[in-house]
Structure formats: C-alpha cells, structure tokens
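This briefing is meant to be read beside the sequence and the three-dimensional structure. Please keep both in view while working through the topics below.

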Amino acid sequence: MVEKNITDVEAVGETIRRAVKRARAHTKYAAVALGGSSVITKVITMPANLGDEAMEGQIELEADQYIPYPLEEVNLDFDVLGPSEKDSETVDVLLAASRSENVDLRVAAVELGGLTCKIVDVEAYALENSVPLIADDLPEGGVDKTIAVVDIGATMTTLNVLHNQRIIYTREQVFGGKQLTEEIQRRYGLSYEEAGMAKRQGGLPDNYGPEVLEPFKEAMAQQVSRSLQFFFSSSPYNAVDHIVLAGGSASIQGVDELIEEKIGTPTTVANPFASMALSNRVKPQMLSNDAPALLIACGLALRSFD
C-alpha cells in the first residue's frame, strides 16, 4: 500500500488470507473502504417525489457535472439523506463516486484472500459509523459538539471533523509512522522489518527516546495543529471541542498528552473496544496497542450485509 493505494494486489490478498486463517473467522463476506482522496462526494438536491429507479436515472444523467471522469470509468452510488432544509419539495442526496480501478483492486484483494466483497464504503463514513464506540470519551457523547479525529497511518494523516456526530470535513496529508520507522532504520542500521519490530516491541538504545521518538512526537503535534488550521481557514469554525487520535502512531505513549499541551484541546486515543467483552483468546494489551488503528475497521464491521 502506498498512500492508501494498493500497489501489489497479490501481497494484500495473501495478507488478508493469513489474517482470516489466524483469526479462525467463519464469515465469507467482507466490507472494505476507499480513502478520501480516491473518492468524490457531493451533496445534491433532487425532487422528493422521485422513486428509487427514477432518482437513480436522474442522478446518472446529472452526474457528469460533478465527476471529472467519464462515467463508464466510475463506480457511482448515492444515499438519500432526508428532506432539504432549503426546499420542502426536494431531498438532499449524498453522491459518492470513485474510479472503477480503485474499487476493482480492493475487490480483487479481498477475493484473493478467500472472501467475497459485499460492501465498498468510504473511510470517512465508516469512521462516522464507529463514533458510538468511542462516545464515552467525548464531551456529551459528541452530541452538538465538534470533534476532530486525526488518523495517523503509515504514510498518510487524515483529519476528519465531525459536528453532532456527522462528518463535515475531511483532509489528507502525507505524513505517518513510516517516517519514524525509516529514521530508526537509518539511525541504527536495521532492515525496514527489524526497525518496525523494534518500534513496536522496544529494545532500542537509550538515545532512541530523546533523539528519535520525541522529535517525531513533536512533528505529529505540528501536523495535527497544521491540519486544524486548514480546517479553521476553510470553515466557519475556529475551534474544536475534542481531539481523538487514531491510526498506528496514536499508540505512541504520551503523544496524546503532548498534543493536548501544544494545542490546548482535550485529547484522547481512540479505543473502539473499550466497552466490548473480549474473547479469552484475545490478549488485552496487544489489542489495546492496536485499537487506535482499528477504528475504521470497527465502523465497517458495524455495517450490515443485507
């Protein structure tokens, strides 16, 4: 994966196959999500008196004015959000589209892993779906509040802002835990795999903390601050009520406290499993370490295949 794009579908498929086998999962179906940069979303208005088939036909006729690709190269879907506030005779419709190659690669990887892909979602809406799992950590459960969820992955950091538990803003920028892994690799003469293992399990020299880890945590805080400034400059908002850290780098000890200190906003690390009962086969500490990276996966898992 490079910036959330699949570059080696066979390798991803094999990883899925091994994960399913190791989890001893019995399901044959899967849900996947597309990253924000590969998806075009737009809220449009349509006449409220249209049936599903008529609305689908009308959307296909009008879609080319919102999508900068030939429609035959695009996977397109829509969801009726409800009555429009501006006109009682229209409804707001969420239009989502992505180039077919983005969808096809994910479907192919899932099938190589031995599963059938039933749902292709959008990461931002899968995250929105997961909010009830972390609501206990949010002020007023996120109701009527503005919450920033910062997902710091391997190569990409994504800011999703929710207001009243609904996504209102998404922005991606290139920054992630891979930079820390590569610095460990360079500094200590390790292979990339060895550096990744050492980052998670420890055992690095004493100067790792002050000379490598702390500067990376400072860089994380700067990225979060910069992402929020982009949001404030392009919206009527000038503050958020809470910051939630997600993604693999969110599990770095003390990074939530540093970001809260630097930005001045209450900050917590996402744990969508906090209120769940765990199987005796699950190691709680290992799950706790991985939990921030599984927020979107949990949102997908809450979807129905019906």
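In which loop does Leu278 lie? Leu278 is placed in the loop between β10 (267-269) and α9 (284-290). The model discussed here is predicted. The mean pLDDT of its protein chain is 92, and 99% of the residues reach 70 or more.

**Confidence by element**

- Among the elements of the protein chain, the lowest mean pLDDT, 87, belongs to helix α2 (residues 52-62).
- The highest mean pLDDT among these elements, 98, belongs to strand β9 (residues 242-246).

**A nonpolar patch on the surface**

- Leu278 forms a nonpolar patch on the surface together with Met276 and Val282.
- The accessible area of Met276, Leu278 and Val282 together is about 220 Å².
- Leu278 has a relative accessible area of 41% and is therefore classed as partly exposed, because that class lies between the limits of 20% and 50%.

- Helix α6 spans residues 192-201, and its residues Ala195, Gly196 and Ala198 are buried.
- These three residues lie on the same side of α6, because they cover an arc of only 165 degrees around the axis.
- On the other side of α6, the residues Glu193, Arg200 and Gln201 are exposed.
- What do the buried residues of α6 pack against? Their packing partner is α5 (178-188).

- Most residues other than glycine have a negative phi.
- Arg24 has a positive phi, near 55 degrees, although Arg24 is a residue other than glycine.
- Arg24 is located in the loop between α1 (9-23) and β1 (29-34), and its relative accessibility of 60% means that Arg24 counts as exposed.
- Glu140, also a residue other than glycine, has a positive phi near 55 degrees.
- Glu140 is located in the loop between α4 (123-134) and β6 (146-152).
- Is Glu140 buried or exposed? With a relative accessible area of 62%, Glu140 is exposed.

- Asn238 belongs to the loop between α7 (208-233) and β9.
- The relative accessibility of Asn238 is 68%, so Asn238 counts as exposed.
- Asn238 and Leu228 are 10 residues apart in sequence, and their C-alpha atoms are 9.0 Å apart in space.

**Salt bridges within a helix**

- How many salt bridges does the structure hold? The structure holds 12 salt bridges.
- One of the pairs is Glu14 and Arg18, whose side chains meet at 3.8 Å, N to O.
- Glu14 and Arg18 are separated by about one helical turn, because they are 4 residues apart in helix α1.
- An α-helix has 3.6 residues a turn, so residues three or four places apart point the same way.
- Both partners are partly exposed: the relative accessible area is 30% for Glu14 and 47% for Arg18.
- Glu183 forms a salt bridge with Arg187, and the closest N and O atoms of this pair are 3.4 Å apart.
- Why are Glu183 and Arg187 separated by about one helical turn? The reason is that they are 4 residues apart in helix α5.
- Glu183 counts as partly exposed, at 24% relative accessibility, and Arg187 is partly exposed as well, with a relative accessible area of 30%.

**A salt bridge between helices, and a network**

- Lys262 and Glu218 form a salt bridge in which the closest N and O atoms are 3.4 Å apart.
- This pair links distant parts of the chain, for Lys262 is in helix α8 (residues 255-263) and Glu218 is in helix α7, 44 residues apart.
- Lys262 is partly exposed, with a relative accessible area of 48%, and Glu218 counts as partly exposed at 29% relative accessibility.

Methods
Residues are numbered from 1 along each chain as its sequence is written. This is a predicted model: local features need pLDDT of at least 70, side-chain atom pairs count only at pLDDT 80 or more; totals for chains, interfaces and linings use all residues. Side-chain values use heavy atoms; hydrogens and water are left out. Buried means under 20% relative accessible area, exposed over 50%, partly exposed in between (1.4 Å probe, protein chains only). Helices (H or I, at least four residues) and strands (E, at least two) are DSSP runs, numbered from the N terminus. The arc is that of the directions from the helix axis to the C-beta atoms. Contact means heavy atoms within 4.5 Å. Patches are made of residues with over 30% relative accessible area and no salt bridge: like charges are joined within 9 Å, nonpolar side chains (Val, Leu, Ile, Met, Phe, Trp, Tyr) within 5 Å. Accessible areas come from the Shrake-Rupley method with a 1.4 Å probe; for residues, only the protein chains shown count as cover. A salt bridge is a side-chain nitrogen of Lys or Arg within 4 Å of a carboxyl oxygen of Asp or Glu. pLDDT is the predictor's confidence in each residue, from 0 to 100.
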